[in-house]
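Take a look at the chain shown here. The paragraphs that follow go through its charged pairs, its surface and its confidence.

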Amino acid sequence: MDALHPHGMPESAAETEARRLIADWAQQPEQQPIRHFPTAYRDTTPLPAYGTTPPVPQPDHRIVPAWAAGIAVASIGVGAGVTGIGCGAWLVLQGLASVTLTSVLLVTAPFAGLAMVATAAAGALSKIRAAVTTHVYEGPVTQHTEITNTSHQGWLSRTHNDIS
């Protein structure tokens, strides 16, 4: 045995033995390599412009989950609501943009008059109440307290205390 051929077989004999082993393996029927067939085929014949075959119905059966439909409806509602609020704010701001000092005074004058009348009435009522004298009692005061405790044992060892 030398360092190049550790099994004691010269290189030409090893090559001959390898070819023989491969040929023996290939001759066995259960050891034949698996033949691969194509898994796809493309028909390259040109398609006719029209034909006699009627069209095939292809019904659409998409199912939308309930949560997705709910989110869609809610988003439409929120969008419509926000649009309404925005239009209302725009109208209010357009009205406020055309405000003058004279119009503010004319609008607030009735409210100021009502506030003055209410203030005068409240002041008059407080003066009337201030004139009423309070009663002062100068006799002895006694407090009489009576506590009656009725205790009874309830179902499953519950204790009820009735204080009157």
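Glu15 and Arg19 share helix H1, which covers residues 11-27. They sit 4 residues apart, about one turn of the helix. The two form a salt bridge, and their closest N and O atoms are 3.0 Å apart. This is a predicted model, so that distance belongs to the prediction. Side chains of opposite charge can pair when their charged atoms come close. How open are the two partners to the surface? Glu15 is partly exposed, at a relative accessible area of 42%. Arg19 counts as exposed, at 58% relative accessibility. The cut-off for exposed is over 50%, so Arg19 passes it.

Stay in helix H1 and move to Arg20. Which residues form salt bridges with Arg20? One is Glu17, with the closest N and O atoms 2.4 Å apart. Arg20 and Glu17 are 3 residues apart in helix H1, so about one helical turn separates them. Another is Asp24, with the closest N and O atoms 2.8 Å apart. Arg20 and Asp24 both lie in helix H1, 4 residues apart, again about one turn of the helix. Salt bridges that share partners join Glu17, Arg20 and Asp24 into one network.

How accessible are the members of this network? Arg20 is partly exposed, with a relative accessible area of 40%. Asp24 is partly exposed too, at 37%. Glu17 counts as partly exposed at 28% relative accessibility. Buried would mean under 20%, so Glu17 does not count as buried. A search of the whole structure finds 3 salt bridges.

Now turn from charged side chains to nonpolar ones. Which residues form a nonpolar patch on the surface? They are Val92, Leu93, Leu96, Val99 and Val104. Together they have about 440 Å² of accessible area. Helix H2, residues 66-97, gives the largest share of the patch, with 3 residues. Leu96 has its place in helix H2. At 55% relative accessibility, Leu96 counts as exposed. The cut-off is over 50%, so Leu96 clears it.

Step back to the whole chain. It holds 3 helices and 2 strands. Along the sequence, the pattern reads α-α-α-β-β. How much of the chain is buried? Buried residues make up 0% of the 164 residues. The accessible surface of the chain comes to about 16300 Å². Of that surface, 66% belongs to carbon and sulfur atoms.

How confident is the predictor? The mean pLDDT of the chain is 79. A pLDDT of 70 or more is reached by 80% of its residues. Where is confidence highest, and where is it lowest? Helix H2 has the highest confidence, at a mean of 89. Strand S2, residues 159-163, has the lowest, at a mean of 67.

Methods
Residues numbered from 1 in each chain as written. Heavy atoms only, no water. Salt bridge = Lys/Arg side-chain N within 4 Å of Asp/Glu carboxyl O. Buried < 20%, exposed > 50% of the residue type's maximum accessible area, 1.4 Å probe, protein only. Patch = residues over 30% accessible without salt bridge, like charges linked within 9 Å, V, L, I, M, F, W, Y side chains within 5 Å. Areas by Shrake-Rupley, 256 points an atom, 1.4 Å probe, with all protein chains shown as cover. pLDDT = per-residue confidence, 0-100.
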